[in-house]
Structure formats: structure tokens, C-alpha cells
Amino acid sequence: MHDEDLQTLSRPATPRGSAGRPATTPADIHADPKWLGPVLVVAIVLAALNLRPAITSLGALFEEARTGLHMSGTVAGLITSVPAFCFAVFGVTAPRLSRRFGPAAVVCAGMAAVAAGLLIRPFADSAAAFLAASALSLAGIALTNVLLPVIVKRWFPDRVGTMTGLYSMALAAGTSLAAAATVPLTSALGGNWRTGLLVWAVLAVAAVLPWLPVAAASRREKAAAPAAVQEDAGPSVVRSRTAWALACYFGLQATGAYVTMGWLPQIFRDAGVSASTAGVLLAVTMVMGVPLAFVIPGLAGRMRHQGPIAAVLGLFGLAGYLGLYLAPAAGAWAWALLLGVSNCAFPLVITMIGLRAKSPAGVVKLSAFAQSTGYLISIPGPLVIGTLYQHSGGWDLPLALMAGLLVPQIALGVLAGRDRTIEDECGMRD
């Protein structure tokens with residue numbers, strides 16, 4: 001990317017309505033300062049980097065944390081189920097908080113909650129305190145999950161695909177980095193699991209800093225805006241078939257991602273692959289998301305209908321599950337790559353959330369609805385797969401179920417990718 005491209009990327013664009021007219025936003029009342037664009041790009045990237053380390057760093061040290069805190073099997077299982085539950089529950093509150101305080105201020109508070117939870121968690125002396133600190137971080141992540149597409153739509157409406165790709169790539173990089181680096185960092189810092197978890201609080205604190213001036217500028221802008229603009233609540237998303245399609249698509253892709261992260265190494269180990277190689281294969285699957293998370297949103301943003309991308313990603317997943325069924329060990333590297341491509345449905349659905357609404361108010365409601373409903377849909381997936389594996393004694397039935405779920409996922413992706421907005425479906429005018 002050239003210097004002039006970076007300058008263009010960091011310059012907030014003037015929001016446009018569907019007919020090319022400037023959309024009614026607070027920006028029309030109070031001009032953005034020149035420094036806001038570059039700082040906002042940095043803030044978005046740092047926020048995205050912090051959306052998964054709270055989860056994947058714990059996964060890398062979960063056995064040590066469980067032993068150190070004397071967790072029962074029930075409590076340990078509860079902690080592994082908490083992320084999706086928190087994302088669903090706290091994500092619902094994002095639209096109301098965004099209307100009252102502005103999306104930038106809420107993301108700033110969300111990043112502060114992530115940092116506070118990661119700072120407190122390593123010092124917890126009981127499983128209950130550890131769970132509470134984790135929930136604090138996850139609440140901040142949930143709010144940021146919902147509102148980053150809104151931030152992009154508000155300040156970069158002409159570059160939704162590019163900016164979504166940028167923060168999706170950062171999210172994938174943060175996920176992979178925490179999974180791969182937590183154990184080596186823990187060893188280098190003395191071997192204490194508490195220290196290994198505390199390291200990630202440093203990155204979270206760094207993410208808060210650029211959001212402070214952005215939030216302050218946004219609050220000044222909100223104070224100068226007319227009440228009609230401030231109270232714009234957006235459309236009623238439950239009336240939109242596109243919103244429901246996005247929510248269900250989000251839920252099915254999240255189910256596939258959680259099953260992959262939770263069970264793929266075990267699938268390979270049961271096929272005779274060594275434990276170390278199985279871990280590397282999972283890392284390959286996750287790392288695939290880094291470059292593709294940037295490419296796919298940019299491509300989707302240039303297309304009127306994103307359904308073909310959803311279909312191609314689903315077909316990659318079907319090929320991967322078929323390979324795991326027929327020859328899990330012989331083609332392990334190929335299946336890991338195919339499933340890594342298929343899991344890039346996440347940046348696609350985040351891009352579609354930004355494209356399926358005309359206004360920031362519409363995006364915040366659509367994002368909250370799609371992500372909260374989607375995460376609720378995804379909660380049973382890994383548990384059902386584990387139960388089927390335990391009772392059937394193998395992976396044939398679980399793999400058949402995962403392949404079968406990709407069929408409605410493809411259909412929902414095609415439906416959600418149609419060139420229409422939730423405002424049109426709800427009968428709202430520009």
C-alpha cells in the first residue's frame with residue numbers, strides 16, 4: 001500500500017445517502033478535525049487486535065489456570081462457554097449505549113473494560129473472581145464487536161470493505177498471536193501462568209489510549225448535533241428478512257469456527273497425527289484468516305451481491321469436512337487449509353452488516369441483532385459435537401453434521417448478500 005493510499009484511507013469520507021446525497025449525520029453539523037482520521041485508523045486496528053487474546057491466551061494456559069484455581073469440571077466447562085454467552089448478552093446493550101453516549105465513547109469504555117478485566121484476572125484467588133474478571137473483559141469485547149462496524153460506517157462510508165478488511169485482519173492476527181505466543185512468553189517470564197495472562201493487559205491498555213481523543217471529539221460533535229439526529233434509533237430490524245438471514249448466517253459460521261478451534265486438533269490426533277503436529281495444523285487454520293480477512297471484505301465491498309463469496313467459502317468447508325471424513329491424516333495439511341478459508345466467513349458477514357444498512361443508526365441495530373442472535377445460535381454447537389463424538393465413538397457423525405450445517409449457511413449467505421438494505425425492507429425513507 002502506497003503512502004497516498006494510506007493518506008486516503010485515513011481521511012474520513014463524507015457519508016452519502018443511497019441517491020448520492022450527503023446523509024444527515026452529526027458530521028454535517030460539526031466538522032471532524034484533521035487529526036481524527038489517522039488516529040481513528042490506529043484506534044480501530046488496536047481495538048481489533050484485542051478482541052480475542054482474552055480468550056485464546058486463556059485457552060493456551062487453561063490447564064494451568066484450572067489447576068491453580070482448583071476449578072471443578074463444571075466450572076471449567078462454564079468458563080469455556082462464557083465468551084459466546086457474554087457476546088450475545090452484552091452485545092444487545094450496544095445500540096442504547098451508542099445512542100446515549102456515541103459509538104466511539106462506548107468503544108473507548110469497552111477497551112477500558114477489556115484492559116481492567118485482563119489486569120484483574122491474573123490476581124484472582126478463586127474461580128468465581130476469575131470468572132467475574134473474564135466476564136468484564138468479555139463485556140468490553142462484546143460492545144466493541146458490535147460497534148466497530150458502526151465506527152467504520154460512520155467515518156469511512158465509502159471504504160467499508162477496505163476498513164473492515166483492515167480490522168478483520170488485525171482481529172485474526174491478535175487471535176493467532178495470543179494462541180501461539182502465550183506459552184513461550186510464559187516460559188520466558190518465569191513459567192507462572194498468571195504472568196502469562198497478565199502480559200496481554202499491556203496490549204489492551206495501549207488500545208485505550210487512541211480512543212480517548214476520538215471519544216472526546218465524538219462527544220463534542222454529538223453535543224453540537226440536533227436532537228433529531230441524536231435520537232435516530234434506526235429501523236426495526238426484526239421486521240427485516242435480510243437481518244434474520246445475517247443473524248442466522250453469523251450463527252452458523254460462528255458454530256463452525258468454534259467447533260474448528262475446539263475440536264480440530266482432537267480429530268487429527270484420533271487419526272494418528274501427533275499432538276504437536278495437530279497444534280500446528282490448528283495454527284495453520286487460524287493463520288489463514290490473517291491475509292484473507294483483508295482480501296475478502298475489500299472484494300465484497302466492490303460487489304453488489306456478496307452471495308457468491310458466501311457460496312465459495314461454504315464449498316471450501318464442505319471439501320475440508322469431506323477430506324477429514326475420507327482421509328484425515330493423509331491430507332491433514334490440505335484439510336486444515338480448506339477449513340481455514342471456510343472460516344473466513346466472519347469478515348464477510350461483518351462486511352455485509354456494514355453494507356446492508358444505510359445509516360450508522362441502522363448499522364448499530366443490525367450489528368447488535370446479527371451478532372447477539374448469532375452468538376446465541378452458536379452456543380450449543382461445540383457441546384453437541386462433543387456429545388455426538390462421545391456417544392458415537394468416532395468423528396463420522398459429527399463431521400456429517402458440520403458438513404450438513406454448511407448447506408443452510410450457504411443458502412443464508414446468498415440471501416443476506418442480496419443488494420438491499422434493512423431500511424428498504426422496513427419501509428423507511430432516506
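Phenylalanine 130 and tryptophan 193 are both buried, where buried means under 20% relative accessible area, exposed over 50% and partly exposed in between, with a 1.4 Å probe and protein chains only. The model is predicted, local features need pLDDT of at least 70, side-chain atom pairs count only at pLDDT 80 or more, and totals for chains, interfaces and linings use all residues. Residues are numbered from 1 along each chain as its sequence is written, and side-chain values use heavy atoms, with hydrogens and water left out.

**Aromatic pairs**
- The structure holds 8 aromatic pairs, counted for rings of Phe, Tyr and Trp (its six-membered ring) with centres within 6.5 Å, planes under 30 degrees apart being stacked, over 60 edge-to-face and the rest tilted.
- With ring centres 6.2 Å apart and planes at 65°, phenylalanine 130 and tryptophan 193 make an edge-to-face pair.
- Because phenylalanine 130 belongs to helix 8 (residues 127–155) and tryptophan 193 to helix 10, this pair ties together parts that are 63 residues apart in sequence; helices are DSSP runs (H or I, at least four residues) numbered from the N terminus.
- Tyrosine 389 and tryptophan 395 form a stacked pair, 4.1 Å centre to centre with 15° between the planes.
- Of these two, tyrosine 389 counts as partly exposed at 21% relative accessibility, whereas tryptophan 395 is buried at 9%.

**Cluster and charge**
- One aromatic cluster is formed by Phe87, Phe250, Phe346 and Tyr375.
- The charged end of arginine 154 sits over the ring of tryptophan 155, 4.4 Å from its centre (NZ of Lys or CZ of Arg within 6 Å of the ring centre and within 35 degrees of the ring normal).

Methods
Helices (H or I, at least four residues) and strands (E, at least two) are DSSP runs, numbered from the N terminus.
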